[in-house]
Amino acid sequence: HSPRAGGGTLRPMRVPEPFDLELTVRSHGWYDLPPWRWDAARRVLARPVTLPTGRIALAEVAPAAHGLAFRALARGRLSAAEARAARDALATCLSLDEDLAPFQARAGALERERAAGRRDLPDLRWALARGAGRLLRSPTVFEDAVKTLCTTNCSWSLTRAMVARLCTALGAEGPGGERAFPSAARMAAEPESFYRGTIRAGYRAPFLAALARDAASGALDLEALRGSALPTPELLRRLRAIRGFGPYAAEHLLRLLGRHDHLALDSWTRAKLARLRGRRRPPTDRTLRRWYAPYGAWAGLAMWLEVTADWHGECPSWP
């Protein structure tokens, strides 16, 4: 890090039991997108975080004896309040506030049915044993929304390239030269042509520009949606009203808000489920919804844990 970086004292972070940092980091592809950095060998997760004071801190977490070890570095000394803000941001990213007990109870009851011979249920014993189910999120819903738009109708390599260009072109510089994810205000200052030319976002350009303008002006209060008491159907309706957000994008963002009622189906999940279930062609969406209906409000999480189980085995596959 920069020799001017300070505030690097290790602090403990409490986590639910059981908790596996790598399971949450690799719960989906966000860890592979800037400004995240995941050091698999050292098991250290890091990213620059924009503090309420406007300063940029590099926040890091790693496994420790009783939870996680956390530290934040910045140019100049961090105040106690700034250090707490950085730590709270990482706790939000790791979904440490999400109560998975209802899911674990429901999945445990259904596991007993599966063991007794019910064939249409996924084998989630690994997830229950290891405490899987927390998804890596961004510090802000705005960042999650932008990244979700960048996943639509394209390859993962293109998603990564678009997000990297956003950070490089618009992100504030952190203590070690890393670039933070740009704020809504910074993105709103750029015209649609910037997203077409510099970011090379294609058809997403007007949607990215509109999302940034609406979030920056307050016309769209995305941050209020995290922890909202709105019923899921109303929350989904609001997400579908965002320009560029079809069923998949809205349900994917809903998942990152901790609502798992919907499956967020795309071509990859449909094909993967067909292979896992021994089908020659992808099942209909109606069939897929029927498979996971027993999980109720946790249907989408049960499906996601089934399709990603091979990411977390003895020989991990993508991501």
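Lys272 and Asp310 form a salt bridge in this predicted model, with 3.1 Å between the closest N and O atoms; a salt bridge is taken as a side-chain nitrogen of Lys or Arg within 4 Å of a carboxyl oxygen of Asp or Glu. Because Lys272 belongs to helix H12 (residues 267-276) and Asp310 to the segment after helix H14 (299-307), the pair ties together parts that are 38 residues apart in sequence. Helices are DSSP runs (H or I, at least four residues), numbered from the N terminus. Lys272 is buried, at 8% relative accessible area, whereas Asp310 is partly exposed, at 32%. Here buried means under 20% relative accessible area, exposed over 50%, and partly exposed in between, with a 1.4 Å probe and protein chains only.

The model is predicted, so local features need pLDDT of at least 70 and side-chain atom pairs count only at pLDDT 80 or more, while totals for chains, interfaces and linings use all residues. Residues are numbered from 1 along each chain as its sequence is written, and side-chain values use heavy atoms, with hydrogens and water left out.

The count of salt bridges comes to 26. One of them joins Asp97 to Arg137, with the closest N and O atoms 3.0 Å apart. This pair links distant parts of the chain, 40 residues apart: Asp97 is in the loop between helix H2 (80-93) and helix H3 (101-115), and Arg137 in the loop between helix H4 (125-130) and helix H5 (141-149). Asp97 is exposed, with a relative accessible area of 57%, and Arg137 is buried, at 5%. A salt bridge is also formed by Arg226 and Asp144 (3.1 Å, N to O). Its partners are 82 residues apart, Arg226 lying in the loop between helix H9 (205-217) and helix H10 (232-240) and Asp144 in helix H5. Arg226 and Asp144 are both buried.

Helix H14 contains Glu306, a residue buried at 15% relative accessible area. Apart from neighbours within four places in sequence, Glu306 is in contact (heavy atoms within 4.5 Å) with Pro122, Leu124, Leu273, Leu276, Arg277 and Tyr292.

Helix H11 (residues 247-256) is mostly covered, 9 of its 10 residues being buried. Among the buried residues are Tyr248, Glu251, His252 and Arg255. The elements covering the buried residues of H11 include H5, H10 and H14. Gly258, which follows H11, has a positive phi, near 85 degrees.

The largest nonpolar core has 96 residues, of which Phe142, Val146, Met187, Tyr195 and Leu222 touch the most other members. Such a core is a set of buried Ala, Val, Leu, Ile, Met, Phe, Trp, Tyr and Cys residues joined through side-chain atoms within 4.5 Å. Leaving out residues up to four places away in sequence, Leu222 touches Val141, Phe142, Ala145, Leu211, Ala215 and Ile242.

The model has 1 cavity of 30 Å³ or more. A cavity is a set of points, on a 1 Å grid over the protein atoms alone, where a 1.4 Å probe fits but cannot get out; lining residues have an atom within 4 Å of a point. Grid points are joined across faces, edges and corners, and the volume is the space filled by probe spheres set on the points. The largest cavity has a volume of about 70 Å³. Its lining includes Leu23, Trp126, Arg134, Trp304 and His312. By class, 6 nonpolar, 4 polar and 1 charged residues line the largest cavity, where Ala, Val, Leu, Ile, Met, Phe, Trp, Tyr, Cys and Pro count as nonpolar, Asp, Glu, Lys and Arg as charged, and the others, Gly among them, as polar.

Notes
Helices (H or I, at least four residues) and strands (E, at least two) are DSSP runs, numbered from the N terminus. On a 1 Å grid over the protein atoms alone, a cavity is a set of points where a 1.4 Å probe fits but cannot get out, and a pocket is an open set with protein on both sides within 12 Å along at least five of seven lines; lining residues have an atom within 4 Å of a point.
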